[in-house]
Amino acid sequence: MGKTKKVRVGMVGYKFMGKAHSHALRDVPFYFDTEVVPVLQAIAGRDEPGVKAAAEKMGWASYETDWRRLIEREDIDVIDIVTPNNTHAEIAIAAAEAGKHVICEKPLALTLEDSKRMLTAAEKSGIIHMVCHNYRFAPAVQFAKKLVEEGRLGKIFHFRATFLQDWLMDPNFPLIWRLRKEVSGSGTHGDLGAHSIDLARFLVGEFSEVVGMMETFVKQRPLGTEMDINLRSRAVSSEMGTVDVDDASAFLARFENGALGVFEVSRFCRGNRAGNRFEINGEKGSIRWDMENMNNLQVYFADDEPGLQGFRTINCTEVEHPFAGAYWPPAHIIGYEHTFINLMVEMMNGIAKGRSPQPNFEDGVRNQAVLEAVEKSVQTGTWIKIADVLNK
Ligand SMILES: NC(=O)c1ccc[n+]([C@@H]2O[C@H](COP(=O)([O-])OP(=O)(O)OC[C@H]3O[C@@H](n4cnc5c(N)ncnc54)[C@H](O)[C@@H]3O)[C@@H](O)[C@H]2O)c1
C-alpha cells in the first residue's frame, strides 16, 4: 500500500449511476491492487438535503450544491459525471479545461457535435478521459473479446444484438427526463442502443454504414416525478406532455471488416427486463452472451468432434477470465456492480500509467456517430455512411 497514489474524485449527480459509481470507486482498492486508488472526496447535487444525505449514505467526505464549485476545488483530481445527457458536455469541458481527469456516463453527449467538443477539450488539456460503457467490463464479454482476437471464431460474418426492456409499456408512465429529447437526445436509441453499439465496436470493429427505423408507440404521457432505481415512477399531474424520442429503434449495419450487424432496442418488449444480448457468428465458431446471465458465455467451435458439437457454457469466473480472479473462487458469481468496479480499475490504471483507458471520449464520439447516422437514416429512408456523419 505504501506506493499507492490517491486520486480525489468529485462526482456530479447521485441517483442510479451515482450509486453504481460510488460503490465501484469504494470497491476498487478492496479487490484490486491498483497503483492509483480513488478517494471519494466530494459529490455535487442541486438539492442540499438530498446531496448531504447521499454523501453520508454513499461515503463521500463532503458535498457541494453547484458542480462548478467541485471543478474549482483544488482537492479534486477527477470529475465523475453521472447526470442526464444534456449536462455532460458543459461539465466535462469545464473539468478538462481545469485540468481534471473525467469519467463520463454514456451516451457521451446529446449530439455528435457536443461529443467532438468534449474530445477536443480533453485532448487539448492532456487529461485522462473515459466513457462508461460498463457492459464490456463483464469478464465474460472481456473473454469473448480475447477469443475473437485470438482468431478462434475466424472471420466474423454476423453480429446481432438486442437490448429489450418493458418498463415503459404503461401509457400512464410519466414523461421522465429519458423521454424528453432536449435532456436525453434520443430514447431507447441512445440509452440502450449506445451500449449495443459499444459492444459491437469492442468485439467486431468499426461500423461502415447503417439503415434504421424508429417508433414512438405512446406519444403523449402525463407529467410526473423522476424514476426510482427500480424503474418505477408515477404521474403527479393530469397534464400531458409530448414524447419526442423513440420507444424502439432497430437498424441494420455493415462493418468495415465485411461483417453484417442487426440491432434492436425497445422498452416495449413484455417480459424482457434487461435483455441485453449479443451473438457473434464466425467461420470457425459462434459466441452468445446474455446480461441476465452475465457470468456465462456460450461458445460453439466447428472443430469439435462430430457428434459432440454444440454450444457449451463457460462460467467466466476463473483466473483465466479477465478481472474475475480478483473476486471469488471459481463459480462464485459476480453481478452488475462488478462491471463498474472493473471499469474504474481501467480508469485508475490509465491515470497511473498516463495512457488513455478504453472506452474513452474518442470511442464516445465514434459511438455517437453511429447513433446519429441511424437517426439520419430514419429521416432520409436511406443507408448512411458513418464516415459521412463523422467527418461532416
Ligand atoms: N452505464 C449504464 O449502464 C447506465 C445506466 C443508467 C444510466 N446511465 C447514464 O447515466 C447518466 C445518469 O443517469 P441516471 O440513471 O443515473 O439518472 P438519474 O435520474 O437516476 O440521476 C441523475 C442525477 O443527476 C442529477 N442532476 C440532474 N441535472 C443536474 C444538474 N444540472 N446539476 C447537478 N445534478 C443534476 C439528478 O438530481 C440526479 O442526482 C445518464 O447519462 C444515463 O444515460 C448509464
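User: Is K284 buried, exposed or partly exposed, and why?

Analyst: Count C-beta atoms, placed from the backbone, within 10 Å of the residue's own: 20 or more others means buried, 12 or fewer exposed, in between partly exposed. K284 has 13 C-beta neighbours inside 10 Å, so K284 counts as partly exposed. One caution: this is a predicted model, where local features need pLDDT of at least 70, side-chain atom pairs count only at pLDDT 80 or more, and totals for chains, interfaces and linings use all residues. Residues are numbered from 1 along each chain as its sequence is written.

User: Where does K284 lie?

Analyst: Strands (E, at least two residues) and helices (H or I, at least four) are DSSP runs, numbered from the N terminus. K284 sits in the loop between strand 13 (275-282) and strand 14 (285-290).

User: How far is the C-alpha atom of K284 from that of R152?

Analyst: They are separated by 6.6 Å, yet the two residues are 132 residues apart along the chain.

User: Why does the length of helix 8 agree with what it should span?

Analyst: The expected span is 1.5 Å times one less than the number of residues. Helix 8 (residues 188-203) has 16 residues, so it should span 22 Å; its end C-alpha atoms are 22 Å apart.

User: Why is helix 8 called largely enclosed?

Analyst: Because 14 of its 16 residues are buried.

User: Which residues come nearest the ligand?

Analyst: A residue is near if its C-beta atom, placed from the backbone, lies within 6 Å. Of the 22 residues around the ligand, G13, K15, F16, M17 and E105 come nearest. Helix 1 (residues 16-31) gives the largest share of the shell, three residues.
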